[in-house]
Amino acid sequence: MISVEFSGFTWRHAGRRAPAVADVDLRVEAGERVLLLGPSGSGKSTLLAALAGLLTTDSGERHGRVLLDGEDAASRRGCVGMLFQDPETQLVMARSGDDVAFGLENQAVPREEIWPRVREALEAVGFPYPMGHPTHALSGGEQQRLALAGVLARRPELILLDEPTANLDPEGAGAIREALRAALTDTPATLIVVEHRVADILDLVDRVVALGPGGELLADGPAEAVFAEHGDTLAAQGVWVPGAPLPAHPGGTPGESRLHGESLSLTYPGADRPALDGVDFDLRAGELLAVTGANGSGKSTLALLAGGLVKPTRGEATVPGERTPLHRLPANRLATRVGSVFQDPEHQFVTATVRDELAFAPRAAGWPRERIDARVSELLERLRLAPLAEANPHTLSGGEARRLSVAGALAAAPGVLLLDEPTFGQDRRTWGELVDLTADIRDDGTAILAVTHDRDFVAALASREIALEDGRVRSETRRC
Amino acid sequence: MLTIAPICGPDAPIARANPVTKLFAVIAVSTAALVAADWLTPLLLLAALAVATPFSGVQWGPLLRRLRWLWFAAGAVAAANTVFAAEQTGTTLLSLGPLEIGAGALTDGVAIGLRVCVAATVGVLGFATTDPTDLADALTQQLRTSPRFTIGSLAALRMLPLLGAEWRQITTARRARGMEGGRNPLRRARLFASTMFTLLVGAMRRAGRLAAAMDARGFDSEMPRTHARVQRMRAPDWLLLAAAVAVSAAAVAVSAALGTFEMLI
């Protein structure tokens with residue numbers, strides 16, 4: 001157990017004008033379990049990094065103090081364990097057991113103690129494979145559990161969790177929470193966790209600290225009191241306040257058919273069974289069709305085939321007025337028929353400014369100059385990107401990048417929009433913006449197919465839902 | 001995914017040998033092959049490797065499958081060096097219009113091809129039987145290389161297969177945006193550059209996050225590290241190393257005794 005104290009702590013990343021956090025005063029007693037809330041950019045991750053001793057003097061400018069048990073945090077690095085958001089970049093070794101052992105080697109634990117402690121940590125998180133199991137063969141949720149074992153094996157006195165479930169599907173997130181719950185009952189360690197999806201972890205914490213946009217202290221106390229008093233402010237800042245109402249946007253009557261999928265099937269090279277096996281669907285103007293299912297059910301494959309991005313093994317996707325199946329259309333023409341938005345917005349950015357990004361597809365399609373200019377101005381206004389028109393797409397925040405990728409897919413005025421996990425890992429505020437935006441696009445007559453795990457998104461927008469299982473349609477339901 | 005069929009079982013003698021031993025054995029044999037400019041030395045080395053292979057536990061089938069392209073490349077090197085030799089010396093063996101091949105050029109070309117063959121074969125035998133993690137362990141323990149460099153490289157190696165998957169994702173995302181190479185070489189070059197840029201931006205971010213995660217687990221603090229897995233030089237390792245050096249020296253000696261040995265400048 002270890003106590004934490006920030007006093008007058010300010011940190012400015014090298015090369016940035018504004019400080020990431022300014023003048024923070026916060027004390028956490030030994031053994032306390034704290035949930036740290038705040039809008040994007042309020043410096044929550046910076047505070048955790050400071051506690052983990054990761055803010056070195058050459059990476060920025062620091063004022064004030066960060067103390068662990070009254071000593072400078074940098075000198076107590078060995079007592080702190082931190083779990084990050086992205087499972088993929090936390091694993092160092094090729095074999096699972098080696099990865100847990102890595103942290104113990106660094107701690108100079110004698111060899112004969114290493115393997116028993118590795119075994120114990122793997123058991124504590126419910127890791128289902130032998131120690132030699134290759135780390136690259138693990139799912140995201142399993143990788144995150146392995147990373148958690150790597151943290152616990154070091155027996156930290158202060159555990160820091162930086163949005164530990166934000167990058168995971170619901171199943172993986174559930175398994176991590178279960179592992180955390182079990183592990184935390186066994187250790188007296190102090191805990192600080194940053195998480196937007198509050199409801200799922202409230203039983204792990206006994207105190208909630210909320211920061212304002214500039215890192216100032218907004219609220220501090222037991223969860224019920226904080227949410228009763230500041231619920232609305234926190235919800236507006238992006239926190240998923242438990243019990244806060246969610247928007248509903250039931251759509252109108254769907255119009256004519258816009259995209260047709262005929263027995264779409266794909267077997268990836270070297271795979272022993274098809275990822276998608278004979279799926280038919282019809283998508284109409286002004287409706288949102290949700291495609292759901294567990295990981296590996298073929299959802300994302302369906303989005304790729306429906307968007308004409310990958311050649312199906314069998315079947316085809318077509319749009320009315322175009323005889324050629326989508327996968328055989330040249331890219332510049334495809335972009336005028338179907339817009340696809342991927343999970344990682346940055347994969348889709350092809351130019352150096354937001355304005356060029358929006359003009360790209362219309363230009364490739366050979367639109368006249370005036371029409372392109374008019375379309376770009378319209379999209380900049382409608383998606384609130386106008387102030388960022390000259391910014392580099394790679395410098396945008398998560399929510400802005402997401403809006404830009406949607407705007408880019410819509411730029412050449414396709415009648416169909418395909419979304420792959422549009423709300424993945426977003427805070428409540430960005431989530432709300434995306435839901436409103438999607439509803440607008442749908443109500444303008446665009447046909448939307450959304451692949452998603454997000455039940456709230458489906459409830460707010462979908463008029464129909466296709467549930468996939470092992471590459472086939474398990475059920476189709478009509479909502480609202 | 002970057003997975004290749006193993007050329008030997010996990011308990012084969014060569015798989016159990018110390019990685020640093022194998023590294024030095026590979027260096028010894030390829031050095032002998034590379035300093036000799038004649039055809040006999042590499043041929044003797046190849047013969048020795050063929051004799052040694054059954055004892056290493058390596059299976060012929062997978063080994064030959066792994067080697068076929070490398071040997072094909074060695075054949076191509078031999079052919080190119082024969083045809084494009086600076087001077088076609090010795091008896092003319094073939095004359096086809098402008099193409100003329102002399103016996104001297106043929107011997108030199110074959111010698112170069114054989115040397116490439118030896119380096120490829122011994123390299124595959126040494127490295128395809130070595131787990132990268134074991135190599136890193138042995139490098140830090142036997143050669144006392146810096147853990148920061150060695151384990152950092154190992155972690156980077158683990159990330160490599162991810163780049164392949166990401167490249168495919170980016171290319172697909174590009175098509176969705178209306179960007180495709182098609183047959184136009186200029187557009188293809190632009191697409192390649194833009195895909196590479198996105199890949200690098202992603203790789204840099206990932207490297208930063210990985211470094212932070214490693215730091216958070218106490219890597220590269222001032223403290224000394226322990227090793228979860230011991231790599232030792234055992235008797236068979238010394239034997240392997242001695243055999244590699246002896247065979248390399250013997251090949252050179254035999255070739256010299258028969259008067260065929262030529263030193264590469």
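Me: How many helices and strands does chain A have?

Reply: In this predicted model, chain A has 13 helices and 19 strands.

Me: How do you know whether the radius of gyration of chain A agrees with that of a compact globule?

Reply: For 480 residues the globule rule gives a radius of gyration near 23 Å, and chain A has 24 Å, so the two agree. The C-alpha trace of chain A spans about 70 × 50 × 40 Å along its principal axes. Of the 480 residues in chain A, 50% are buried. Among contacts in chain A between residues at least 6 apart in sequence, 71% join residues at least 24 apart.

Me: What makes R363(A) count as buried, exposed or partly exposed?

Reply: A buried residue needs 20 or more other C-beta atoms within 10 Å, and an exposed one has 12 or fewer. R363(A) has 17 C-beta neighbours inside 10 Å, and therefore counts as partly exposed. R363(A) is placed in helix α9 (residues 354–364) of chain A. Between R363(A) and F349(A) there are 15 Å, C-alpha to C-alpha, and the two are 14 residues apart in sequence.

Me: How do you know whether the span of helix α11 of chain A agrees with its number of residues?

Reply: Helix α11 (residues 398–410) of chain A has 13 residues, which at 1.5 Å a residue should span 18 Å. The end C-alpha atoms of this helix are 19 Å apart, which agrees.

Me: Why is α11(A) called largely enclosed by the rest of the structure?

Reply: The reason is that 10 of its 13 residues are buried. Among them are E400(A), R402(A), L404(A) and V406(A). The cover over the buried residues of α11(A) includes β15 (338–341), α9, α10 (369–382), β16 (416–420) and α12 (428–443) of chain A, together with α7 (147–176) of chain B.

Me: Why is the largest nonpolar core said to lie between domain 1 and domain 2 of chain B?

Reply: Of the 90 residues in this core, L51(A), A149(A), L158(A) and L160(A) touch the most other members. Helix α4 (residues 140–153) of chain A gives the largest share, seven residues. Domain 1 (19–137 + 232–257) and domain 2 (146–216) of chain B both contribute residues, so the core lies between them. Apart from it lies another core, of 72 residues, which include L266(A), F342(A), V406(A) and L449(A). The centres of domain 1 and domain 2 of chain B, taken over C-alpha atoms, are separated by 35 Å.

Me: Which helices supply at least two residues each to the side of chain B that touches chain A?

Reply: The contact takes 55 residues from chain A and 41 residues from chain B. On the side of chain B, α6 (132–142), α7 and α8 (185–216) each supply at least two residues. The most comes from α8(B), with 12 residues. By class, this side has 19 nonpolar, 12 polar and 10 charged residues.

Me: What makes the phi of D23(A) and of R144(B) worth a remark?

Reply: Most residues other than glycine have a negative phi. D23(A) is not a glycine, yet has a positive phi of about 55 degrees. Phi of R144(B), also a residue other than glycine, is positive and near 55 degrees. D23(A) lies in strand β2 (residues 21–28) of chain A, whereas R144(B) is in the loop between α6 and α7 of chain B.

Definitions and conventions:
Residues are numbered from 1 along each chain as its sequence is written. Chains are lettered from A and ligands numbered from 1 in the order in which they are written. This is a predicted model: local features need pLDDT of at least 70, side-chain atom pairs count only at pLDDT 80 or more; totals for chains, interfaces and linings use all residues. Helices (H or I, at least four residues) and strands (E, at least two) are DSSP runs, numbered from the N terminus. The expected span of a helix is 1.5 Å times one less than its number of residues. Two residues are in contact if their C-beta atoms, placed from the backbone, lie within 7 Å. Ala, Val, Leu, Ile, Met, Phe, Trp, Tyr, Cys and Pro count as nonpolar, Asp, Glu, Lys and Arg as charged, and the others, Gly among them, as polar. A nonpolar core is a set of buried Ala, Val, Leu, Ile, Met, Phe, Trp, Tyr and Cys residues joined through C-beta atoms within 7 Å. Domain bounds come from an automatic or database domain assignment. The radius of gyration is taken over C-alpha atoms; the globule rule is 2.2 Å times the number of residues to the power 0.38.
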